[in-house]
Amino acid sequence: MTGIRGGLIGGGTRRTLLRIGGALGAGAFVTACTKSGGSSEASLPVSLPTGSALEDMMAAARKEGTIVVYISVNEQMFEDWVKPFSEKFGVKVHPVNTGGAAATFTRWAQEWNAKQYQADAVLLADPSAAVRVDKAGMAGEWIPGEGDKFDPGLVIKGKAYPLILNACPMTWNSAKVTAEEAANLFTKDGLANYAYLTDPRWQGRLAVLAPHGVPIFQAEWVRLVKKYGWGLLEGMARNKPAIPSSSVAASDQIARGEINILAFDPTTASALSIGRGAPVEYAWDDEAAVTAFDMIVANKAPHSNAARLFQEWCTTAANVKNLCELLEAIPGRDDIKPATKTSKLAWYQKLKQPKLISDWTTDPAFASGTQDFLDRWAKTFNYKR
Amino acid sequence: MTLATLDTAAPPVPAGRRRPGARRFPLAALWLNAPLIIILLLLVVMPLVFVIYGALQSSMPGDPASSFTLQSLQKVYASSWYVSTYLGTAALAAGIAVSSTLLGSIFAWLVGRTNVPGGGAMEVLLIAPLFVSPFLGAIAWVVLAGPNAGMINDLYRAITGGGPRDYLINIMTPVGVGFVVLLYYTPYAFVFVLSALRNMDPSLEEASYLNGANKLQTALRVTFPVIRPAVGAAFFFIVVLGCGIFTVPTVLLTSGGFAPLAELIQRSFNNYPPQPALGAALGTVMLIVTSIGIMFYRRSIAQAAKFVTLTGKGFRPRPVRLGAAAKVISVAAMVIFVMLGVVLPYATLLFISVAPYSSSGADAIRFSFGTWWTVLTSASLHSALKNSLLVGIIVPSITVVLGLAVSYAVNRGRGPGRALIDYLSTIPVAVPGLIIGVGMVWAYITTPLYATLALLVIAFVCEYLPYASRMSGNAMLQIDKSLEEASWINGAGKLQTVWKVTVPLVRQTVLATWLMLFIFATREISAAVVLYSPNSTLLSVLSWNYESDGSMSQAAIVGLVQTALMLVVAALSRLIFRVRLGRVAA
């Protein structure tokens, strides 16, 4: 039998290496298993202090050294966006992609209930969840210096600030859809022609996003049902559409051409591919449900000073604009006009812009009808959850 | 040899030292059996109890307002809504198991019993798909064989002049899922069956030939009956694995309709509104299904043990001579398998990694290495790489030690509780990683272990314990007890005997097991995706997250880094310890 001694490295050297490796590994493991402690919320300011208090806050943030941000947007884009913050304040930002808006809330809520405070800040892509977060006391208080520049209808003052907005147009791969089909995707008024999606030609080419993924999808389906009735959905279901696991997975398949057309797709998802040159186009209906990506400081954040400083940084005009340009998104502040790559494209400039509907988040009928609607949708499209 | 003869033959025992075996039960057994039972109860049984507890709750883990309810169990067991899911999952798992076992057995027979050219190299190549995460394989196969835009179908349309709806292969179907999983589960069957073939006395086949039987008759009438229990064990093992797959269907089955059970469990946590109790209730269904699989699996391995033929004589089996055509076909089949499972997917991942957006058309995109630079310099990758390395080293180390202790207690130990230890240590084979993860969340969310790397380590040790105990158990069975008895006779204590005699004899198998578990821990997604935290993100989870947020090129790059890590550690293990992964089949 060939044993350790039969190896190519001498026994003594090997043992030394193994000992060093073992010690380093044990040290690293203990470090990796260690959690940071939290700070007292009561002693924290609720808005940006001035003078020495500001200096103290920045020093405390630098000492905390890092913040954990739960996100459900592209992790790489987010890292690119926060790099200047880390460089300026010496605070490392650690984004954790939780796997979708619903999963972000679930994870945060279950940790809150169990008193496991992991997140310092959360970019929550679900305004209805932001309301629940506020009611549950999960949000820490911070009033940003430029907080009053955001749409007051979407802000939860001192808690949630909508950095970017998202809406869901009908989206297709312009290389896979013929010119004749592309022409029929618009009504004579230049709006998205949803009725055309019931045409059998889309069998094996159409995809839809389940409303169970994110509330904005449900909101958009509710809007479509109100305008066109369940007949539209039943017609689409007859084409046996694909139901991708997430909007980004759908956008990926649209960009590749695996899916030819999506009933709707969030602009933040498809615009990433469009920005990189993929042959993807979209069209709006006259209205579109819109959702906000709220930045919220977590109550009992383990790194509370750094989290508040981060919230202040996030909400400034320059950084909101940068985030919009990186994610090709609509800004949550009216005073910003981001120069996204999509907005410069010829087909985009011809589009009729929709009326954005944001009050669905506070509509009690919407909330109370959720389960029935989801169940009927699931039955219509034979979708199981 | 009886205790009396041992006493007579033994040299005088030094004063104050007890002769091994002089006092056997119960104290001699307690030092090992009792702690092992406690560890296994905490490690294996507790998370499963919490899955059931979770299924009986009204709210999410850790919610103090959560109350007892049967609602989730009623939905899962008393409605017809999930019947098609159960049947579909069972059919998918059985289909995967049948095809993987058949293919793995044929390859094992070719490598282990015939004169197929390059058998040694083929053995290594056929185990190579174990290095590939099935999830990464699925990402690659979507780009290769998606019906509307897959490379293979694009090529087919270009050659045949077919229309945009024509395609050669559609990987995005349940059959496609089966095909992709087959590529990565066949090596398990290969290892199981090859091991049985190597433990078989070839004189049985020699006798068959001497009695006039031809190759086929001998294979069917002699070889197959002997290895049948191993084939059965492989089949049920893969059935259990197949019931737990969710990463491959998540990537491939986007066409609505059927979603396997494990994917529904994952959806119950990630969908809106979240229903973790429903996920736990579905988990109990999976526990029942896989428990049936494990019952048959245990029966098969018990049968397999009966057929092991250990002799004191060295033997060199006479290989079955294949004709020239058979050799060509055999080698071609194995090479094609490796191409489909390893070469083609990795080539595709490389292609994806340099594309700015997801595309299968090389002419339509501008290649760039910018994404490589961005990913390789990102803090997320560095943190995940460090965590994966730590988990990859710590998990196999703990699991192998625990597995050795279990197999020692079961195969060499005495006293009560051995059957219980054996049973408890086998249970995780029947429990998909996702369910272990769900149970761990419910069990540990209110403890300081939550959101640490340690919790991932605990989950992985639980998941991989059966592999370690089974493999070290196999190695131990092949050691003649007289060697350990000789050590005792010469005055060595029990621990000293284990350390000086037993461990060195099983060392190579143990090291090979360590390496295999390192690979499993590095590519693991199912439990990790439920348990990861800001401080414990692994490469596999990072890749999963990138895929989930539509960044295929980043997902591919992380997957390639993950594979590089596995290869580096495998090469170092070979260099320093001369570990061969193929040893697990020995």
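A salt bridge is a side-chain nitrogen of Lys or Arg within 4 Å of a carboxyl oxygen of Asp or Glu. One such pair here is A:K227 and A:D286, whose side chains meet at 2.8 Å, N to O. The structure is a predicted model, where local features need pLDDT of at least 70 and side-chain atom pairs count only at pLDDT 80 or more, while totals for chains, interfaces and linings use all residues. Residues are numbered from 1 along each chain as its sequence is written, chains are lettered from A in the order in which they are written, and side-chain values use heavy atoms, with hydrogens and water left out.

**Salt bridges**

- Over all chains, the structure holds 17 salt bridges.
- A:K227 lies in helix 7 (residues 215-228) of chain A and A:D286 in the loop between strand 8 (280-283) and strand 9 (287-297), so their pairing ties together parts 59 residues apart in sequence. Helices (H or I, at least four residues) and strands (E, at least two) are DSSP runs, numbered from the N terminus.
- These two also belong to a salt-bridge network with A:E220, A:R223 and A:D285.
- A:K227 is partly exposed at 39% relative accessible area, and A:D286 is partly exposed at 36%. For these labels, buried means under 20%, exposed over 50%, and partly exposed in between (1.4 Å probe, protein chains only).
- A:E111 pairs with A:R107, their closest N and O atoms being 3.5 Å apart. Both sit in helix 4 (residues 101-113) of chain A, four residues apart, or about one turn of the helix, and both are buried.

**Nonpolar cores**

- A nonpolar core is a set of buried Ala, Val, Leu, Ile, Met, Phe, Trp, Tyr and Cys residues joined through side-chain atoms within 4.5 Å.
- The largest one has 207 residues, and B:F190, B:L252, B:L349, B:M440, B:F460 and B:F520 touch the most other members. Helix 19 (residues 453-477) of chain B gives this core its largest share, 16 residues.
- Skipping neighbours within four places in sequence, B:F520 is in contact with B:L130, B:Y188, B:Y464 and B:Y467. Contact means heavy atoms within 4.5 Å.

**Where chains A and B meet**

- The contact takes 83 residues from chain B and 82 residues from chain A.
- Together the chains bury about 6,900 Å², 54% of it on carbon and sulfur atoms. Buried area is the accessible area (1.4 Å probe) that two parts lose on being put together, summed over both.
- How many salt bridges cross the interface of chain B and chain A? The rule finds zero.
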